[in-house]
Amino acid sequence: MSVSAFAGSAVPGPARITVGTLHYRELNRRLKAMVDAGVEQIELRGVFGQRYIGTNLRAPVRLTVYGTPGNDLGAFMDGPSIEVFGNAQDGLGNTMNSGRIVVHGDAGDLLGMSMRGGEIYVRGNVGYRCAIHMKEYEDMRPTVVVGGTAADFFGEYMAGGRVVLLGLHLPPGAAHPGSFMGTGMHGGVIYVRGRVDRARLGTGVAVREMTDEDWPFVRQCVHEYVRLFGCGTAGAPGADAGRRGTAAGEAGSPAPSGKKILSAEEILNSPFVVLCPQALRPFAALYAART
Amino acid sequence: MKDLERAANPFGDDKILANCGIFGMMNCDGRRSGGQDIIKAMANMHDRGNGLGGGYAAYGIYPEHAEDYCLHIMFESEDARRHAEEFLHHWFQVALTEPIPTRRVAGVLQVPLLWRYFVRVPSLEAGGRPGADAGPSAGGAQPHEAPGAAGTGSEGAGGVSRPDADDYVVARVMEINTTVDGAFVFSSGRNMGVFKGVGHAEDIGEFYRLDEYDAYLWTGHSRFPTNTQAWWGGAHPFSILDWTVVHNGELSSYGANRAFLEMYGYYCSMHTDTEVLAYAVDLLMRRHQLPVQAMAAVLAAPLWQDIDRMPPQERQNHTLLRQVYGGLLMNGPFAIVVAHGGEMVGLRDRIGLRPLVAAVRGSTLYLASEEAPIRLVAPELDAVWQARGGVPVVGSLERGILEGSQPVPTSGLDRGQVARAVGMH
């Protein structure tokens with residue numbers, strides 16, 4: 001590992017760590033020491049699967065990650081801002097409290113699991129059981145925005161928070177392929193752009209139209225998505241930029257040549273639906289008679 | 001007893017968040033490469049295991065003995081070795097006997113005796129035995145019926161057909177593993193080998209000197225045993241003939257699967273749930289000649305509610321598979337890499353309870369529990385994606401790389417790149 005903090009230079013740049021195969025415990029101990037010493041920007045180069053990055057840094061530090069960060073990136077995170085140029089693995093933002101994670105690629109299973117606050121933006125697709133059991137309390141209201149689509153059990157058992165699924169890489173007219181979206185949700189809201197196959201939904205979830213109260217938040221998320229990632233990639237057969245060509249160097253690049261680039265307004269100017277709880281306690285009578 | 005290592009843990013993270021790590025890499029153009037890459041990849045997933053099991057399967061490593069079955073056997077004692085060798089010499093023509101080369105590695109302890117035998121199946125006489133003059137000398141037990149019956153070979157007198165020879169070897173492996181005390185056959189294929197033991201995967205790889213072998217297909221496993229004991233035979237891969245399986249997860253259906261397989265002459269002796277997967281793929285794909293997609297539909301069957309929504313023919317096929325092979329439904333969370341000569345298959349359970357990442361670079365297919373170890377050995381990838389539950393990702397010397405039944409375009413293969421239909425991804 002090499003560290004260069006550029007201490008004493010006129011315009012302080014980010015501290016830089018070339019990570020390689022350093023063990024996650026050593027990496028996170030080093031990050032903690034740097035943050036405790038007042039470093040505000042840290043660039044991690046050549047990351048290969050180190051877990052729990054950002055977990056124990058209770059400060060508004062900015063981390064830029066190149067490579068493939070390991071499981072539980074930003075787990076329990078409270079304050080930092082992380083930008084990943086590459087794909088993220090499983091458990092991103094697990095029980096995250098505050099801060100922001102931006103992924104210029106795909107993310108794995110369990111993204112935003114039990115998330116309590118903060119924001120996650122993913123350019124591409126996400127895996128199974130993402131946003132499962134997200135929650136909210138008073139002014140703590142987590143946000144997840146996904147540019148592509150999600151595997152099964154998206155937003156399962158959601159108890160709070162807001163999730164936006166943009167479906168930018170789906171073929172025209174195709175429904176989101178994930179089953180059991182919003183199963184058993186009893187709080188929060190899921191905004192879906194593109195078609196939802198109601199037969200694939202689980203129990204406890206209702207589908208309704210967008211209302212005037214919904215649009216400001218969705219509009220804000222879409223504009224932020226386009227600002228972060230430069231574009232939205234239109235769905236066309238063969239268009240799966242979020243998944244293919246996600247080598248770290250390419251992940252943040254514009255849409256593949258020949259693919260239509262959508263503006264925020266074009267993204268917004270297409271059908272959205274809202275998934276929300278049918279009831280606050282969908283399983284109240286499952287194991288015991290209603291009293 | 002006080003665990004001093006834990007008490008001395010300077011990081012205070014005693015809670016172990018781990019699960020098995022699996023890895024597979026296949027050069028679908030048949031090019032062979034050494035074991036150093038997969039050892040490096042397994043080392044990157046060190047924290048997924050806990051040092052209680054590691055192992056590898058390598059294909060194409062014994063070209064000079066390509067037609068012989070190579071039996072890798074672990075022995076708990078010299079007596080066990082003597083009994084097993086008497087058995088082998090009775091039932092096979094043994095072309096070569098040698099210790100499996102190893103080197104001393106700090107983290108690999110309590111090593112059993114490790115030998116390998118290149119053997120040929122003699123021409124079968126009535127009853128499926130060579131020379132009917134004596135029974136097996138070891139253990140004195142009657143041999144199990146050979147799976148598929150000990151019929152006459154289709155090549156006629158003097159020759160042994162491949163299916164008959166395969167069945168003969170399966171029956172002898174079952175016999176050794178269930179009747180010869182202290183002897184366990186952990187590899188029995190042709191031109192391939194399984195190397196496994198108790199230790200961290202990267203240490204096991206060094207121990208077996210895998211950098212000295214060249215294979216076109218490698219699979220690897222680091223073990224975090226959950227419900228079963230850690231011992232040398234219980235490490236992955238599990239195998240029969242050249243069929244191998246590495247597995248992350250657990251099979252709550254083990255008892256039902258085992259009972260089903262016993263009807264076909266497979267006897268579980270390794271005290272680990274994954275063993276049934278190796279026998280299941282041998283039964284389905286070798287003996288019953290099912291294609292990969294059907295094998296996947298048996299092990300990770302679609303939910304009935306999905307089957308009900310399929311077009312009539314597809315619905316009928318899936319219903320039939322579940323009726324005939326219901327006993328081989330693998331219930332519980334799993335991600336597996338199955339391999340046999342010329343083919344590697346990645347498969348997740350139908351609701352994605354264990355991770356599996358697939359990636360392609362040139363003509364090489366990678367499968368792993370995480371993306372990072374793939375990047376470590378192949379920094380630039382043409383494609384990387386999460387496998388979908390129940391949808392097999394296949395690398396094949398004959399058919400290239402496929403997801404389900406759809407070809408995945410590969411830059412390094414010149415066999416007609418077909419545009420992928422876009423579904424989920």
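The exercises below, each with a worked solution, go through a predicted model.

Residues are numbered from 1 along each chain as its sequence is written, while chains are lettered from A and ligands numbered from 1 in the order in which they are written. In this predicted model, local features need pLDDT of at least 70, side-chain atom pairs count only at pLDDT 80 or more, and totals for chains, interfaces and linings use all residues.

**Exercise 1. Describe the open sheet of four strands in chain B and find its edge strands.**

Step 1. The order of the four strands is β5-β6-β4-β7 (chain B), and their pairing is antiparallel; strands (E, at least two residues) and helices (H or I, at least four residues) are DSSP runs, numbered from the N terminus, and two strands pair if DSSP finds at least two bridges between them.

Step 2. The edge strands are β5 (93-99) and β7 (183-187) of chain B, each of which pairs on one side only. From one strand to the next, the twist averages 30 degrees.

Step 3. Between β5(B) and strand β6 (residues 113-120) of chain B, which run antiparallel, there are six bridges, and B:Pro99 has B:Trp115 in β6(B) as its bridge partner. Four bridges join β4(B) and β7(B), again in the antiparallel sense, and B:Ile73 has B:Val185 in β7(B) as its bridge partner.

Step 4. Helix α4 (residues 162-179) of chain B lies across β4 (69-75) and β7 of chain B, and runs at about 140 degrees to β7(B); axes are lines fitted to C-alpha atoms, for helices over the stretch in contact, and angles run from 0 to 180 degrees between N-to-C directions. Strand β7(B) is mostly covered, since five of its five residues are buried. A residue is buried if 20 or more other C-beta atoms lie within 10 Å of its own, exposed if 12 or fewer, and partly exposed in between, with C-beta atoms placed from the backbone.

**Exercise 2. Which strands stand at the edges of the open sheet of seven strands in chain B?**

Step 1. The sheet has the order β11-β12-β13-β14-β18-β19-β20 (chain B), with antiparallel pairing.

Step 2. At the edges stand β11 and β20 (406-407) of chain B, each with a single partner strand, so one side of each is left without a neighbour in the sheet.

Step 3. Within this sheet, strand β14 (residues 343-348) and strand β18 (residues 393-396) of chain B pair over four bridges, and B:Met344 stands opposite B:Gly395 in β18(B).

**Exercise 3. Where do A:Phe180 and B:Leu241 lie, and are they buried or exposed?**

Step 1. Most residues other than glycine have a negative phi, and most peptide bonds are trans.

Step 2. A:Phe180 has a positive phi of about 60 degrees although it is not a glycine, and this residue is found in the loop between β9 (159-165) and β10 (187-193) of chain A. A:Phe180 is buried, because 21 other C-beta atoms lie within 10 Å.

Step 3. B:Leu241 has a phi near 50 degrees, a positive value in a residue other than glycine, and lies in the loop between β11 and β12 (243-249) of chain B. B:Leu241 counts as buried because it has 22 C-beta neighbours inside 10 Å.

Step 4. A cis peptide bond, with omega about 0 degrees, joins B:His236 and B:Pro237, and B:Pro237 lies in the loop between β10 (217-222) and β11 (238-240) of chain B.

Definitions and conventions. Contact = placed C-beta atoms within 7 Å.
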